[in-house]
Amino acid sequence: MHRGQRRLSGEPYLTHPVQVAGIIAEMRLDVPSVATGLLHDTVEDTLATLDQIEGTFGSEIATLVDGVTKIGQINFTSREEKQAENFRKMLLAMARDIRVILIKLADRTHNMRTLGHLPPERQVEIAQETLDIYAPLAHRLGIYWIKSELEDNALRFLHPEVYYQLKRSVAKRKAEREKYIREVISVLGKKLAESEVEAEVSGRPKHFYSIYEKMQAQNLLYDQIYDLVAFRVVVDSLGECYEALGCAHANWKPVPGRFKDYIALPKANGYQSLHTTVIGPYGERIEIQIRTREMHRIAEYGVAAHWRYKQPGKDRVVDDSQRFAWLRQLLEWQQQLQDPQEFLRSVKEDLFSDEVFVFTPKGDLLNFPVGATVIDFAYRIHSEVGHHCTGARVNGKIVPLRYQLQSGDTVEIVTTASQTPSNDWLKLVKSSRAKARIRAYIKLQQGARSVAIGREILERDFTRHQLDPAKLRKDGTLERVAKELSQRDEETLLAGVGYGKITTQSVLARILPPEEIERRREKGEGRLQRLFRLVGRQTKSGVQVSGVEDMLVRFGKCCSPLPGERITGFITRGRGVTVHTLECPKVLESDPQRRIDAQWVNGQGTPRAVKVEVTCVDRPGLLAAMSKAISSAGINITRAQVHGLGDRKAQNTFELMVGSLDELNRVMRSLGRVRGVMKVARVRT
């Protein structure tokens, strides 16, 4: 089927499915999975049909191929909607058979290995999607070698200068690091043998992305990161894990707060190990992971480890349903989210979130994202409990709604009939489920209010244009206008006007001819009002808001959108439309009903102030070099702040006047190339 097709690299297309099948074999999956790896692109990219695949290879392989095939035949209104639907389909297929996502991960792993042949903008797009969705999925499924490879390759295309700098630094210290690893393995092995613990000890350097994350989080230079090596102790039994831990702590001082017992409390993906950080030889911090052979197998291959010992048939379904409670939960929460951006954002949140484990009064263990509050807990129990939650008893003490759950807490919710959710609750909750329930409640309450406001606005404008609202309602004119504006009925039309999604001008335009509207408006307004209206019409924001004429447009200070960035409008009653970037958290937390499409009229806008933060080495002449890089890009600096961070580092905040996203990216790249600059980031307030 792939005969004659070529990849962008010039190789025959067949090399891709063969490599994907190879990765699936490395993951130790079963025969149908390897077969699906070979066939995964036939339905999408060739004339093959699912019926042909089922006829030739059977229903199991056909179902897997269908799960992996993207949605290609539907016209979507936006890229986000297409992406959201693909993930939604993938999650549903995962829930039926987890092998679908494992094959998808193998496909993405090979695509990331060969990403260099794509145009630069596609490289960045695919690398970002990999970091947002696929690497966290690999982590959730416990397949760490794929997670590490995906993250490292994503870093190579998203921040090439950082990646290659790390590569050079790691290579430079290779011999010295290998000598240190051998020394620690020898000492640790002897100490364990003295304690009569039989163990295999190994050491490995951390992968580039985890080093990069640490540098970013703690603003460190590469040579300031100490625990660059992780050691692993693999023993025969559970008891020996704790004996080995005792031995490590007896010989080297443990670092407080760095001990984690994932054996007693396994991660959601089944991962089990003891983690500790100790001050090892020469005062260096070393991380030690201790586990049994079975735990090690699951840690390396994650969910894929179970296929080697499974019988085909029903056992798999039962086994999976118990192991992937988190997946069913994720799916259940996402099914109510129609808005594509909200869906994608909540998938990312659910995948990335670290977890806390808390108990119900009956002793059941529930998991929540870190930072979740008692409101999240209440909504997990029941929607009605959530709606009327006023606080909670945590470990016997009364706590307020903003209390953040801690692992080990026992939580009992306190409710009152008079309590109802408010917009402020959205700032307190972390779980997708709670956010969706709160938004649904608020939307229901606001619906009635919007109808009343819409009626008031329309009646006022009808009267101003000498129209009788009661007559228009009676003779069915309003019902007709609602249909013409794609509204379900008159009430939906009124709600749209109340929200600000539909303007009175667009309603009037379907009742009176344009020249008649203008004549009646001029008749009813004074000279000063007319002058204000004409002046207001001339102000150009460079943004077009769909279906709205003469709309006042403001830009969100939280995200300062620039031409070239994808934008959306948010209707603010009485204040027109506020334009935000599509990814702005403020918009994503807002009511989807009040969002409206917006786009730049042309690629260039009036220059606006944007803040850029640069972390660099603290040395003479570097500020001058950075200023030169900015002025060479043709950008003006309106304000600059510089302060030392200690530890040979400095932080600089520049306020730059830029007209588009391209301009900003160009100046940030110029700054990134200045020798001594460690990190360049745009600051959004």
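Lysine 104 and aspartate 107 both belong to helix α7 (residues 99-113), where they stand three residues apart, about one turn of the helix; helices here are DSSP runs of H or I with at least four residues, strands are runs of E with at least two, and both are numbered from the N terminus. The model is a predicted one, in which local features need pLDDT of at least 70 and side-chain atom pairs count only at pLDDT 80 or more, while totals for chains, interfaces and linings use all residues. Residues are numbered from 1 along each chain as its sequence is written, and side-chain values use heavy atoms, with hydrogens and water left out.

**Salt bridges**

The side chains of lysine 104 and aspartate 107 form a salt bridge at 3.8 Å, N to O, the term being used for a side-chain nitrogen of Lys or Arg within 4 Å of a carboxyl oxygen of Asp or Glu. Lysine 104 counts as buried because its relative accessibility is 9%, and aspartate 107 is buried with a relative accessible area of 7%; buried means under 20% relative accessible area, exposed over 50%, and partly exposed in between, with a 1.4 Å probe and protein chains only. Side chains of opposite charge can pair when their charged atoms come close. The structure holds 18 salt bridges, and the table lists three of them.

| Salt bridge | N to O distance |
|---|---|
| Lysine 104 and aspartate 107 | 3.8 Å |
| Lysine 483 and glutamate 479 | 3.7 Å |
| Glutamate 484 and arginine 480 | 2.8 Å |

Helix α23 (residues 477-484) contains both lysine 483 and glutamate 479, four residues apart, about one turn of the helix, and glutamate 479 is partly exposed at 34% relative accessibility. Glutamate 484 and arginine 480 also lie in helix α23, four residues apart, about one turn of the helix; glutamate 484 is partly exposed at 42% relative accessibility, and arginine 480 is partly exposed with a relative accessible area of 37%.

**Surface patches**

A patch of positive charge on the surface gathers Arg168, Lys172, Arg619 and Arg675. Patches are made of residues with over 30% relative accessible area and no salt bridge, like charges being joined within 9 Å and nonpolar side chains (Val, Leu, Ile, Met, Phe, Trp, Tyr) within 5 Å. Lysine 172 sits in helix α10 (residues 160-172) and counts as exposed, since its relative accessibility is 73%.

A nonpolar patch on the surface is formed by Leu14, Val18 and Leu38, which together have about 250 Å² of accessible area, computed by the Shrake-Rupley method with a 1.4 Å probe. Valine 18 lies in helix α1 (residues 15-26) and is partly exposed at 43% relative accessibility.

**Helix span and backbone angles**

In helix α9 (residues 144-158), 15 residues at 1.5 Å a residue should span 21 Å, and the end C-alpha atoms are 21 Å apart, which agrees; the expected span is 1.5 Å times one less than the number of residues. Helix α9 is mostly covered, with 13 of its 15 residues buried.

Arginine 28, a residue other than glycine, has a positive phi near 65° and is partly exposed, with a relative accessible area of 34%. Asparagine 395, in the loop between β9 (389-394) and β10 (397-399), likewise has a positive phi, of about 50°, although it is not a glycine, and counts as partly exposed at 48% relative accessibility.

How values were computed. Lys and Arg count as positive and Asp and Glu as negative; His and the chain ends are not counted. The place of a charge is taken as NZ of Lys, CZ of Arg, CG of Asp or CD of Glu.
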